[in-house]
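This is a walk through one predicted model. Have the sequence and the coordinates open while reading.

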Amino acid sequence: DFDEYFHKDEKLPVELSLPDGTLITLKASARSPYLIRRDNGRLCVEAHGEPITEIHFEPRPRFYDRRTSDGVLMHRIGQLMEQHCVIFNYSTYCIHWKTDDQCRFCNLVPTNQVYHQDVQSTKKASQIAETTAAAFEEGVGKKFNLSGGTLPGRQEIDVYVETMETVGEQLERIGRKSQANNIALAALPPQDAQRRKAAGDPK
């Protein structure tokens, strides 16, 4: 798991914000010396009972409770983090897990096995595009991040290109410009790298 242990029955914020605006990804660990405590309406981090700093959590975005045109709750499609970035994992399938050749830091498959009721395993390009547009319209989203497991053959680049093009078209309809923050996929031959760049990858 991304955290030290699975917490299927606990709902934890994705990240916390320090007084200077620094965002820190929140990870759960039973061994951590740090504890978040509410004191007189304020949230504080303490270590061994001593307060360190005040923190706050960002409000839950409204688009989380909206649905895509095919009826899926948008919080199951994408999540907001990293200062106005909507994070998408287009698929929790990866061919490398079938042969035990997965990246050793990857939590893609086991996380899906535990939290599949909270997150959609496979997302359509239209669902990602509609969720991105909803976040942009609300003003909480300004860019997006797209990643997922490695697919067989050329399927992966086809999924990325279709998704980025669909996102771009959806944002144009609401008068916004597509701003991909990061597109993470396997190494590509030159012709596919050009397809990716033409579809909107900034790198």
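A residue counts as buried when its relative accessible area is under 20%, as exposed when that area is over 50%, and as partly exposed in between. E46, with a relative accessible area of 13%, is therefore buried. The side chain of E46 meets that of R37 in a salt bridge, at 3.2 Å from N to O. R37 is partly exposed, at 43% relative accessibility.

The structure holds six salt bridges, the pair of E46 and R37 being one of them. Another joins E137 to R66, with 3.8 Å between the closest N and O atoms. Because E137 lies in helix α2 and R66 in the loop between β5 and β6, this pair ties together parts that are 71 residues apart in sequence. E137 is partly exposed at 45%, and R66 is partly exposed at 40%. The salt bridge of K124 with D70 has its closest N and O atoms 3.2 Å apart. K124 is in the loop between α1 and α2 and D70 in the loop between β5 and β6, 54 residues apart.

In total, the chain has four helices and nine strands, and 38% of its 203 residues count as buried. Helix α3 covers residues 155-173 and reaches 27 Å from its first C-alpha to its last. Its buried residues include I157, Y160, V161, M164 and L171. On the surface, E162, E165, E169 and E172 gather in a patch of negative charge. E172 belongs to helix α3 and is exposed, at 63% relative accessible area. In an α-helix, residues three or four places apart point the same way, because there are 3.6 residues a turn. After α3 comes G175, with a positive phi near 75 degrees.

Terms used. Residues are numbered from 1 along each chain as its sequence is written. This is a predicted model: local features need pLDDT of at least 70, side-chain atom pairs count only at pLDDT 80 or more; totals for chains, interfaces and linings use all residues. Side-chain values use heavy atoms; hydrogens and water are left out. Helices (H or I, at least four residues) and strands (E, at least two) are DSSP runs, numbered from the N terminus. The expected span of a helix is 1.5 Å times one less than its number of residues. Buried means under 20% relative accessible area, exposed over 50%, partly exposed in between (1.4 Å probe, protein chains only). Patches are made of residues with over 30% relative accessible area and no salt bridge: like charges are joined within 9 Å, nonpolar side chains (Val, Leu, Ile, Met, Phe, Trp, Tyr) within 5 Å. Accessible areas come from the Shrake-Rupley method with a 1.4 Å probe; for residues, only the protein chains shown count as cover. A salt bridge is a side-chain nitrogen of Lys or Arg within 4 Å of a carboxyl oxygen of Asp or Glu. Lys and Arg count as positive and Asp and Glu as negative; His and the chain ends are not counted. The place of a charge is taken as NZ of Lys, CZ of Arg, CG of Asp or CD of Glu.
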